[in-house]
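User: I'm new to this one and would like to learn how to read it. Could you walk me through a few features?

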Amino acid sequence: MYPRREAFPRSPLVYVTAEVALAYEPFINKVETRDRFADAIRDRLPILSQEMSVSLPLLQTSDDMPAQTLPALRAFNQDRTSSALLKATSLTFDTVAYTDFPEFLDCASAALTALAECAPQALVQRAGIRFVNELRQPHAQADDGFNWEKWVAPELLASAGLLSVGHPAGSMGHTLYHLDSDEWIGFRWGDVVGTSIIDRDVPLQRKESISGPFFALDIDSFWEPATPGPLDPDALLTHFRRLRPLAGELFQSAITDDAREYFRGEKT
């Protein structure tokens with residue numbers, strides 16, 4: 001539990017993903033390995049797709065390793081709102097139909113267990129869980145400007161008043177929080193005009209969003225050890241459980257009581 005936690009009927013949460021970055025594991029490039037993963041996960045994610053995925057190197061190795069194109073397997077649920085993507089450098093479980101954390105973690109756990117069964121020698125470099133929120137004012141139009149005082153915490157909008165002339169025509173920012181040990185939270189925010197900040201390459205069946213202004217709150221909580229460690233699904237789930245309340249607390253601190261009332265359905 002975290003301060004002011006509540007589930008909103010009009011939640012602005014549009015995308016949630018759990019990603020485990022692996023040290024390059026060539027065993028996953030074998031068709032037989034990916035097929036074993038598919039067999040292990042298909043009770044939950046039965047629609048299978050073979051893909052080629054571009055994998056970017058981590059920053060500390062970027063001088064020596066160019067981007068790679070790797071064979072990948074993506075497994076979808078029936079309505080294609082959730083999927084697991086396996087390739088030699090990562091396992092990602094993502095959804096645009098988030099309902100609650102236990103259900104999300106249950107599906108992520110199934111994907112991690114399947115990976116541990118088909119590639120037990122894999123080494124983990126990073127594990128993170130990301131929550132993308134898009135706050136949209138009802139009835140807003142693209143030319144309505146960027147008035148977010150009633151929706152977003154003043155701490156995020158403070159820079160708008162630093163200049164004595166003109167008016168803010170947009171804002172964006174990023175804060176990296178270092179938690180205990182090897183855990184971190186990256187927080188990006190800003191006002192945007194468009195349909196979504198979710199990558200267009202994400203092949204999930206999303207609700208149609210009308211192009212217009214919205215305020216993005218993008219919270220990426222992650223564990224990154226000093227050296228890659230063995231794949232341990234239970235330990236990774238423990239990190240996710242520990243990081244999630246802090247991500248929730250950060251979200252609740254970033255919105256106003258007016259926004260909370262709208263998300264509860266108390267305002268139109």
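Analyst: Let's start with a term: a polar contact is a pair of N or O atoms within 3.5 Å; within protein, one must be able to donate a hydrogen and the other to accept it, and residues adjacent in sequence count only if both atoms are side-chain atoms. Helices (H or I, at least four residues) and strands (E, at least two) are DSSP runs, numbered from the N terminus. This is a predicted model, where local features need pLDDT of at least 70 and side-chain atom pairs count only at pLDDT 80 or more, while totals for chains, interfaces and linings use all residues. Residues are numbered from 1 along each chain as its sequence is written, and side-chain values use heavy atoms, with hydrogens and water left out.

User: What does a side-chain oxygen of aspartate 232 reach at the start of helix 4?

Analyst: That oxygen comes to within 3.1 Å of the backbone nitrogen of aspartate 234. Helix 4 itself covers residues 233-254, 22 residues in all, and spans 31 Å from first C-alpha to last. That is close to the 32 Å expected at 1.5 Å a residue (the expected span is 1.5 Å times one less than the number of residues).

User: How many salt bridges does the structure hold?

Analyst: General idea first: side chains of opposite charge can pair when their charged atoms come close. The cut-off is a side-chain nitrogen of Lys or Arg within 4 Å of a carboxyl oxygen of Asp or Glu. By that rule, the structure holds 11 salt bridges. In one of them, glutamate 51 pairs with arginine 74, with the closest N and O atoms 3.0 Å apart. Glutamate 51 sits in strand 2 (residues 47-55) and arginine 74 in strand 3 (residues 68-76), so this pair ties together parts 23 residues apart in sequence.

User: Is arginine 74 buried or exposed?

Analyst: Buried means under 20% relative accessible area, exposed over 50%, and partly exposed in between (1.4 Å probe, protein chains only). Arginine 74 is buried at 8%, whereas glutamate 51 is partly exposed at 22%.

User: Which side chain meets glutamate 134 in a salt bridge?

Analyst: Arginine 136 does, at 2.8 Å, N to O. Glutamate 134 is buried at 4%, and arginine 136 is partly exposed at 23%. Elsewhere, salt bridges that share partners join Arg126, Asp220 and Glu224 into one network.

User: What about phi of serine 181?

Analyst: Serine 181 has a positive phi of about 55° although it is not a glycine. You'll find serine 181 in the loop between strand 7 (172-178) and strand 8 (183-194), exposed at 59%.
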